[in-house]
Amino acid sequence: MRIDDIDQQIIALLQEDARYSYAEIGARAALSAPAVKRRVDRLRAGKVIKGFTAIVDPVAIGWTTEAFVELFCTGRTSPTQLSAAAKRHPAVVGLFTVSGEADALVHLRAADIAGIEQALERLRAEPFVTSTRSMIVLSRLID
C-alpha cells in the first residue's frame, strides 16, 4: 500500500489523539472531512491503521510498580506459545522475543511488589519456563 505525505500527516494526528474528528483532521491537513474519512477507511482496509485505543495512566489505576523479566524457556518454545501464556496474566503489559541469552522479555505492571511477585510466580509456573531474571523499575525517565 502506498502512503503519501497526507496519509502520514493523518496517521500522526490520529496517533496524537484518535478522538480528533475528521473535520479537525481535515482542517489541519487541508482536506474535507469526507476526504479524510475515505483516507482513514483506506488505511484501515490496508491494515496500516489496526485500530483505535485509549491510553491509560497506570498510576491512575493503581499500577505503580513495574518490572522487566527475562524468560528462559525449554527448547522450542514458539512465540505463539509465549503470547498465549502472556495473555493469561493481566499483569503482563508487554512481551518481546529478544536476542541474547533470554528467549523473551516480559514487562509487568502491578500495584506493588507483592503483585509483581504473584505475577512472576504465575509466569514461572508455565510449563515451558525454565528460569527467569527480574529487574524492578526504579524510575521511568523516558516514556
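Buried means under 20% relative accessible area, exposed over 50%, and partly exposed in between (1.4 Å probe, protein chains only). This is a predicted model, in which local features need pLDDT of at least 70, side-chain atom pairs count only at pLDDT 80 or more, and totals for chains, interfaces and linings use all residues. Residues are numbered from 1 along each chain as its sequence is written, and side-chain values use heavy atoms, with hydrogens and water left out.

A salt bridge here is a side-chain nitrogen of Lys or Arg within 4 Å of a carboxyl oxygen of Asp or Glu. The count comes to eleven salt bridges.

| Pair | Closest N to O |
|---|---|
| Arg-28 and Glu-16 | 3.3 Å |
| Arg-109 and Glu-66 | 3.5 Å |

Helices (H or I, at least four residues) and strands (E, at least two) are DSSP runs, numbered from the N terminus.

Arg-28 forms a salt bridge with Glu-16. Arg-28 sits in helix α2 (residues 22–29) and Glu-16 in helix α1 (residues 5–16), so the pair ties together parts twelve residues apart in sequence. Arg-28 is partly exposed, at 47% relative accessibility.

Arg-109 pairs with Glu-66 in a salt bridge. This pair links distant parts of the chain, 43 residues apart: Arg-109 is in strand β3 (residues 104–110), Glu-66 in strand β1 (residues 65–73). Arg-109 is buried at 13%. Glu-66 is buried at 7%.

Arg-133 lies in strand β4 (residues 129–136) and Glu-70 in strand β1, so parts 63 residues apart in sequence are tied together. Arg-133 is partly exposed at 41%, whereas Glu-70 is buried at 19%.

Salt bridges also link Asp-4, Asp-7, Arg-39 and Arg-42 in a network.
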